[in-house]
Structure formats: C-alpha cells, structure tokens
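User: Please take me through the terms used for this structure, setting each value against its definition.

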Amino acid sequence: MPFKDLRQFLDLLEEKGELVRIEKEVDLKYEIGAYIRKTSDLQGPALLFERVHGYKIPVVGGVFAKMDLGLMALEATRENVLQKFTNGIKNPISPKLVSVAPCQDIVIKGAEVDLTKLPNPIYSANDAGPYITVGVQISKDPETGTRNASIYRMQVKGKNRLGLMSHVFQHLATQIAKAEKMGQPLDVAIPLGMDPVIPNASQVKAPYGFDELEIAGGIRGQPVEVVKCKTVDLEVPA
C-alpha cells in the first residue's frame, strides 16, 4: 500500500534497519549537513536527529542517501523501478480532494508566522543562510490553472520570507513570468513531510502543463489526497 506520509515511510525504514536515531544533540550550523554528507558517501541509512540545539522539533535527513532507500520509497525493485515509474507517467491518476487533513491540524496565520521556528540547517560554509531543501513547491499557471509540483532549495531570509532560484527554462519561472505580465502575484504552497513518492514524481521532466501530482498518483496506483489551502487558491497533499 502507498505511504500516506513521511512518517509511515520512516517507520518502514526503522523496521528494516535503514534509519538511525541520533540521540546526541546536534547543531543546525554545518553539523546536520556533515552527517547527511557522510551517510550519503557511505551509502548508509537515513538519519533522524532527535535533539537539535535550540529547538523542540526533530530533523530527518539522508532519506534517499542510497538507491535502496529510493526504491523502498517507490515500493519498487531494481528490476521493475523503471517500468513502475514509466507506468506512472503514462497512466496518471488525478488527485482526490478531501475536506479534513492532518496537515491542517495546526494553522498559524498572519503576524504569527515565523519560519525561524523551524529547525532549518545551514548545510555548508558557502551557503548564505539556512535552507529548506526538500519542500515541494505547488503552483498553478495563472492563465490555464494547470498545476505544477517542483523542488527548489529555499533560503530562509526572515520570519515570513523565502528566496529561491528558478531559471527561465523551468516551469515555476514560466508561471512567475506569466503572473508578472498579468500584474499579479503567483501563489505558491510548500508541503513538507509528504509521501516520498511525491518529491520523486516532482522531478519528472514532463512537458509544461503536466500535473506531477497526477504522475505521483500513477506511480502509487492510488490518487494523492489533497486539501484546499487556507489562504491561497491551491491544493496540497493532505
């Protein structure tokens, strides 16, 4: 059965001995990044940092540190992964809209929004600040309404400000350019901690206009459950 969220996938990794809990307190500045670099170099397990200095929220990293973890995320083998992925592209399944979602158990709005309360690591000495690395950007074409799902590193620039780079040939940049031409902002939602199939599907080099959440549904063999956002006209994994 497809994973409902990241927690279910982590439970499986732990059951298979592919998740190590780091009980020692770690620092956001460079230390978490060094751990993730090391486990990737060693083709090692995913890492769950239970004690992050200054924060009560744990951090998980190296979830796809080696091919076997990616295969487990896709519920595939080395022999059938290409076929399963291709089948998902050729046979997409539209998302299913739901009204109640775990991602909205806690809602923070307006002046209470503070991205610095999330334990976002500074990964390397040449990074300008902390980054969110595997948030999936959900957006829609402002003319046609077709959805796009993608991944760009996002630098945390303040309590309610993020920065990212999308090149002119990338789909998010196309949508931004269209919105600017229409004289309006482009709404973007950034889910974290979702079913690991979704970030993988977001990397499909599909033609502009294809909905990567539909591709994720095709890979999963079941629709991705989505819910309407509270403040923007978008739907995100529930």
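Predicted model: local features only at pLDDT ≥ 70, side-chain atom pairs only at ≥ 80, totals over all residues.

Analyst: Residues are numbered from 1 along each chain as its sequence is written, and side-chain values use heavy atoms, with hydrogens and water left out.

User: Why is Leu-118 called partly exposed?
Analyst: Buried means under 20% relative accessible area and exposed over 50%, with partly exposed in between (1.4 Å probe, protein chains only); Leu-118 has 32% relative accessibility, so it counts as partly exposed. Leu-118 is found in the loop between S4 and strand S5 (131–132), where helices (H or I, at least four residues) and strands (E, at least two) are DSSP runs numbered from the N terminus.

User: How do you know that the buried residues of H2 line one face of the helix?
Analyst: The buried residues of H2 (residues 31–41) are Ile-32, Gly-33, Ile-36 and Thr-39. Seen down the axis of H2, they fall within an arc of 130 degrees, so they line one face; the arc is that of the directions from the helix axis to the C-beta atoms. On the other side of H2, Arg-37, Lys-38 and Asp-41 are exposed.

User: What makes S4 and S12 edge strands?
Analyst: In the open sheet, whose order is S4-S11-S12 with mixed pairing, strand S4 (96–97) and strand S12 (235–237) each pair on one side only. Two strands pair if DSSP finds at least two bridges between them, and 2 bridges join S4 to the parallel strand S11 (residues 225–228).
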